[in-house]
Every structure is written in C-alpha cells, then in structure tokens.
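Okay, thanks for making time, everyone. Let me put the model up and we'll walk through it together.

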Amino acid sequence: MAYRVTLIPGDGIGPEVSEATQRVLDAAGVGIEWDVRQAGMNALESQGDVLPEATLESIRQNRIGLKGPMTTPIGTGFRSVNVGLRQALGLYANLRPGKSMDGVQSTFKDIDLVIVRENLEGMYSGVEFDTGTVDAAEVIAAINAHSKKKVDPTAAISIKIITDEKSRQIVKYAFEYARANNRKKVTAVHKANIMKFSDGLFLRVAQEVAAEYPDIEFNDRIIDNMCMQLMQKPQEYDVLVMPNLYGDIVSDLVAGMVGGLGVAPSGNIGPDSAVFEPIHGSAPSHAGKNEANPTAMILSGALMLRHLGEQAAAERVEAAVAGVIRDGDDVTYDLREDRDPGKAATTTRMTDAIIERL
Ligand code: NAD
C-alpha cells in the first residue's frame with residue numbers, strides 16, 4: 001500500500017459517507033491502507049473522550065487523516081473535536097476550494113476559487129476578557145496607560161493576534177498550493193487600511209513572500225471590497241489567502257456560491273500532518289437511511305489525494321463526481337429540484353455511479 005490514512009468515520013451520516021469515500025478512493029487505485037479510529041460521540045461512549053489520544057497518535061504517525069462529520073455533544077465539559085485536532089496537531093491552514101458543478105443549483109456559474117484561511121490566530125486567538133471582570137479591568141488599565149485612544153473600563157475585550165511567523169506560514173502555504181495545483185494568482189485579503197499594525201503586518205509579510213514566487217501573480221484586496229468583487233466578478237480570482245475571521249466568513253460565502261453544504265470539501269493542514277473533512281455536519285435526520293449526499297466527503301478525499309501529490313487520481317475522482325452530478329440521473333435527494341428521496345438515488349447508488357465513471 002502506498003499510503004496509510006487515519007479514517008475517522010464520525011457519526012450520524014458520517015459512517016455512510018465515509019464508506020462511500022473509501023470505496024471511491026480504493027477504486028481510484030492509489031493504494032490506501034485505512035487505519036480506522038474513533039472520535040466524537042462514538043469515542044465518548046466507548047473511550048470516555050471525544051478525542052482519544054490513540055486517535056491523535058494515529059494521525060501523528062500516518063501524517064494524514066480523513067474525517068467524517070460528528071455530532072457535537074450538548075452540554076459543557078466536552079472539548080470540541082475540531083478545535084482539539086487543530087490545536088493538538090498545529091493545523092494552521094484551512095483549505096476550502098469552491099468550484100461550480102453543472103447540475104448543482106446555484107445563482108453563480110463558473111466559480112473556481114480556493115480559500116486559504118489562517119486557522120490558529122487572528123480574531124480567534126482565544127485571548128478574551130469578559131466585561132466587569134478584574135482581569136478585564138487590569139488589561140484595560142494597562143492599555144489606557146499606553147494608548148492615546150482610551151478603552152471604556154466596562155468593555156469586553158477580544159484580542160486580535162497576528163504574527164510574522166503564522167502569516168508567513170499561511171501565505172507560503174497558499175503559494176505552494178498554487179504552484180502544485182497549477183493556479184495562476186494569489187490574492188491576500190486584509191483590512192490594513194484600518195488595522196494598520198495587525199493586518200498591516202499580514203499584508204507586508206504577504207508581499208515579501210510573494211516576491212519569492214515570481215511565477216505566480218499576486219495582488220491584494222481589502223476584505224469588504226473583496227466581498228463585493230466576489231459577487232460581481234469572481235472569475236477574476238483564483239487562490240485567496242487571509243487571516244482567520246475573514247477566512248471563516250469568506251469560505252462559507254464561496255461555499256454558498258457553488259451550491260452549499262452537500263458539495264463543499266475542506267482540509268486542515270499542519271507542518272507535520274493534515275486532516276480532510278466535509279464542511280457539513282452529521283445530519284442526524286438522514287442517518288442510517290442510505291440517502292445522504294457523499295459528494296463533500298468524496299471531494300475531501302480528492303483534496304487529500306492532491307495533498308499527497310496524487311494530482312491525476314484527484315482529477316479523475318473530481319471529474320467522475322462532476323459527471324454524475326451533471327447527468328443528474330444518479331444523485332441524492334438534495335441535488336434534485338423536487339428534493340424527493342423516493343425518486344432520488346441512494347448514497348450507495350450515487351457512489352456506484354461515481355466508481356463506474358472513474
Ligand atoms: P448539518 O450540516 O448536519 O445539516 C444542515 C442541513 O443540511 C440539514 O438539513 C441536513 O439534513 C443537510 N445535510 C447536511 N449534509 C448533508 C448531506 N451530506 N447530504 C444530504 N443532506 C445534508 O448541520 P446541523 O444540522 O447544524 O448540525 C448537525 C450536527 O452536526 C450538530 O451536532 C453539529 O454540531 C454537527 N456539526 C459537525 C460538523 C463537523 O463535524 N465538522 C460540522 C457542522 C456541524
């Protein structure tokens with residue numbers, strides 16, 4: 001076997017779309033040995049932890065993981081599997097391609113964008129102080145001692161952190177991705193006109209990194225203008241790289257432009273390992289009925305193949321999925337205009353049709 005991959009099937013529709021993905025990737029002939037591990041509700045029940053150390057260790061060893069969706073346990077005291085994975089493995093880049101497919105209902109046509117979001121710092125650094133607390137008062141007093149602009153003593157505070165190191169890492173990743181996947185342009189997205197120091201640093205680093213990649217065109221856009229341009233002329237853009245909060249919002253915006261949850265893959269990339277997953281959740285009302293759309297998970301598998309350098313196999317999988325959706329005969333309920341599960345293909349049938357086209 002060429003690769004050993006940690007597979008976390010998840011729960012809800014997770015095991016069904018995971019099985020579909022295993023079958024498609026096996027049929028693509030890359031040679032994957034699956035190391036199946038648990039996380040989420042299943043792991044909580046069997047091992048008392050939503051993210052067991054054995055699962056993390058498997059990803060560390062194999063350096064690559066494919067993860068199905070999982071239900072978030074309600075109530076306090078559980079760590080989030082996604083945040084836990086990101087932090088434990090240092091998965092600094094969130095990769096979210098958005099590509100139009102004929103047969104998927106959407107207002108937009110011919111979209112082919114890749115969003116690269118910084119995953120660990122920015123507005124989501126987790127450095128926060130609640131209104132009225134002693135810690136907040138001390139932080140505010142320290143800020144007011146140094147800043148001309150004074151902070152109200154009753155304010156709640158979230159600190160935005162941008163570092164040279166993490167900015168350089170994410171922008172380099174965007175350029176390397178562009179180079180490896182024959183992309184022509186990288187756009188850095190920011191608000192450096194207002195946040196002159198934090199976003200200013202991000203932009204300056206992006207410009208420095210861009211100079212190391214003369215074969216790839218580079219420009220930058222202010223986030224609000226970027227959103228308008230994505231609505232007006234999305235075809236002018238290719239790979240977009242940005243800090244955490246902007247990336248969180250823009251990646252969902254682009255997912256909506258290409259047809260939403262059922263077809264949107266993603267990857268979380270770190271220095272030593274990477275984990276790929278569909279952006280949708282566990283869709284509990286469809287679980288166990290063999291009617292969930294496997295596309296997002298299969299396309300996450302294709303993204304994983306790209307990460308492994310298996311570009312040709314990835315392209316074959318993506319083309320097979322696109323072909324089945326374009327024809328429209330063997331698609332799940334959510335890809336049909338009538339959304340009638342009675343008339344739609346099952347998960348298994350859609351998967352068979354994809355495999356037949358490989
Ligand atoms: P969801 O993505 O599970 O479902 C939203 C809607 O989309 C539902 O109508 C669902 O039926 C439909 N849908 C989603 N994926 C589909 C697919 N592949 N095929 C057909 N229909 C699909 O979001 P939710 O209902 O807000 O969340 C359900 C659970 O999943 C929650 O516990 C949530 O916390 C969790 N969740 C997990 C992840 C993850 O593991 N990465 C992501 C989002 C939500």
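Predicted model: local features only at pLDDT ≥ 70, side-chain atom pairs only at ≥ 80, totals over all residues.

I'll talk about the ligand site and then the sheet.

Residues are numbered from 1 along each chain as its sequence is written, and side-chain values use heavy atoms, with hydrogens and water left out.

So, the ligand. How many residues surround it? We get 20, with Thr72, Gly281, Ala283, His286 and Tyr333 the closest; near here is a heavy atom within 4 Å of the molecule. By class, that shell splits into nine nonpolar, eight polar and three charged residues, where Ala, Val, Leu, Ile, Met, Phe, Trp, Tyr, Cys and Pro are nonpolar, Asp, Glu, Lys and Arg charged, and the others, Gly among them, polar.

Now the polar contacts, meaning N or O pairs within 3.5 Å. A ligand oxygen sits 2.6 Å from a polar backbone atom of glycine 281. Over at tyrosine 333, a side-chain N or O atom is 2.8 Å from a ligand nitrogen. Glutamate 277 also has a side-chain N or O atom 3.5 Å from a nitrogen of the ligand. As for area, the ligand taken alone exposes 800 Å², and the protein buries 67% of that; that's Shrake-Rupley with a 1.4 Å probe.

Next, the sheet. It's open and mixed, with 10 strands ordered S2-S1-S3-S12-S11-S4-S5-S10-S8-S9. Strands are DSSP E runs of at least two residues, helices H or I runs of at least four, and pairing takes at least two bridges. At the edges, pairing on one side only, are S2 (32–36) and S9 (217–222).

One to click on: alanine 188 has valine 241 in S10 as its bridge partner.

Note on methods
Polar contact = N/O pair within 3.5 Å; in protein donor to acceptor, adjacent residues only side chain to side chain.
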